[in-house]
Amino acid sequence: MASRSEAIDTAAIVRQSLHGRRFSPGGLAFELSLLVMLLVSLAVLVTLLADIISGALPVFRDRGIDFVTSGITLDSATAGVWTGLVGSVGIAIIVAVIAFPLGLGAAVYLEEYAPDNSLTRFIQTNIRNLAGVPSIVYGLLGLAVFVRLVDLIGLGGSASTGGRNILAAGITLAVLVLPIVIITASEALRAVPDTIREAGFGVGATRWEVVRHHVLPSAAPGVLTGTVLALARAFGETAPLLVIGVATGFFSAGSAGLFDRLTGPYTALPVVVLSWSRQADPAFKENLAPAAILVLLVVLFAANTAAVVLRNRYDRKW
Amino acid sequence: MGSRVAESKPVLRLDVRDVASVPMTVTIGERSEPAADHPAIFDVDGLNVHYGDFHAVKDVSLQIRKNEITALIGPSGCGKSTVLRCFNRMNDLIEIARVSGSIRYHGVDLYGSEVDPVQVRRHIGMVFQKPNPFPKSIYDNVAFGPKIAGFEGSMDDLVEEALTKAALWDEVKDKLDGSAYALSGGQQQRLCIARAIATSPDVVLMDEPASALDPIATLRIEDLMQGLKEDYSIVIVTHNMQQAARVSDRTAFFTVDMEQTGQRTGVLVEFDETSKIFTNPGETRTEDYITGRFG
């Protein structure tokens, strides 16, 4: 051992090294540039919102809720989004009724029942690819198949409508969002730990009982969230509706009954925005279209909030 | 390899082995000596398990006897859990698993084509390594098995009985509707034991049931097993040799062998009464393992 005088005072060295804080210009510049990128993105969003709200404000100030509850007219002073809102909600309901059971069923089969082989993986990959197919392609599919199908089975409405109605639109958009529902439901099912399945099988449950009593309840929040987000996507779609013959002009559904509304001409909220923004009357373009966009955004925001609330309320910790 | 069970006649071995050469101090708890007349409920003969190309377990032969605790011990990868999961056909859930050889359960070929694995698991309960209660209430955890099995008596009584047998009733009787996840790890594992015995099984399989628990919770599980032995036959996989020595009547020692192809495979080295395995093993490899020279 070294003598006491030669002993190195390690504590002093440690103390000194603790004070080595240096200014790093590169690091700071990087952080700042990241902040700028964030601010630019936010600025775009804020500008967009400000533009819409400033355009929409006079409409809501002058007419209030009347704008939401009025149907489409040619007069910018009385025109409202009601027809579009009803059409969009109707489409969303049809989408939910079709896409939720189909998507959940497909996901349960893929995750819980299908053998883990190359065919299953091929199918899974292609469902992911389908989710990336441009929506206009689904519009062409809808026109070629669903519009004709709806007309063929006698639900096409009048001769002039010829299947270009909410039913055909709902089916088309259901097929459009189906891959999203399958993918999110699959992910929710995959997130259920295998230990839960083993526990179920361990007490003598059949596969169906394990799925029904343990896997599905555990996956429910994720499945519901995915479905709500898929509905929100369908709610905002425009392009496929244009292809399959949504009404872009003015029409009156009047006091039509439920059946006539389902089989007759229809329009949807985003389509209303589109047709108004092409009107000659500047009030349509500058005030009514932004106001309709605002209604659309509020609905979408509500749907997304519902999805978050659902997830938070029912999410389980393992 | 093959079935060493047949070779290891304990009477013969006492003469040839020097008991004092085993430098192992293991307290073997007081318990009824395993009577030779306990009937075998599982008769395993030439069991082989493959996972795809991987030969996980090779030529295992042993018997599990009624109202005894049989411990499966050995180093990691020796296939002891794989063997355990053959007893209730849990390996069926792994697609690439392939089981050959014969496991007779009360004389019935467990892997026979007419046997329903779901029914098998109602007779042969399982407790897993990590406590895995269902994300439901304590009550529902216990009641699920009997419910799907079509139990028609008083579910409340059954739940109480199972929880009492699992030494958990007093701790949870006031919060049966509370989440099973609110319990401590040791309590969760006892809940899993209650869940396993609620279906009135014949056999309870335990796959390292205490490895995720602290020493006190571990001892409670071990005490519990001694009581459960009266009603059930228990097979336990454990890493912990002291645990095997403390709780089991018979011990099967597995190890890892190299096959000619260079692949590792699990083999049964020795199967005998626990007292023999720990004081007078018939195989050098068993002795090396239990004395801590490897594994």
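pLDDT is the predictor's confidence in each residue, on a scale from 0 to 100. The structure is a predicted model, in which local features need pLDDT of at least 70 and side-chain atom pairs count only at pLDDT 80 or more, while totals for chains, interfaces and linings use all residues. Residues are numbered from 1 along each chain as its sequence is written, and chains are lettered from A and ligands numbered from 1 in the order in which they are written.

The model scores ipTM 0.83 and pTM 0.81. Chain B has a mean pLDDT of 85, with 87% of its residues at 70 or more. Over residues 1-32 of chain B, pLDDT stays under 50, and the model has 42 contacts beyond four places in sequence for this segment (contact: C-beta atoms, placed from the backbone, within 7 Å). Where pLDDT is low, the predicted coordinates should not be read in detail.

Between the chains, 20 residues of chain B are in contact with 17 residues of chain A. On the side of chain B that touches chain A, α4 (117-123), β6 (124-127), α5 (138-148) and α8 (185-197) each supply at least two residues; helices (H or I, at least four residues) and strands (E, at least two) are DSSP runs, numbered from the N terminus.

Most residues other than glycine have a negative phi. B:Asn67, in the loop between β2 (54-65) and β3 (69-73) of chain B, has a positive phi near 55°. B:Arg89, in the loop between α3 (80-87) and β4 (97-105) of chain B, likewise has a positive phi, of about 55°. B:Asn67 counts as partly exposed because it has 18 C-beta neighbours inside 10 Å, whereas B:Arg89 is buried, with 23 other C-beta atoms within 10 Å (buried: 20 or more other C-beta atoms, placed from the backbone, within 10 Å of the residue's own; exposed: 12 or fewer; partly exposed: in between).

Technical notes:
Contact = placed C-beta atoms within 7 Å.
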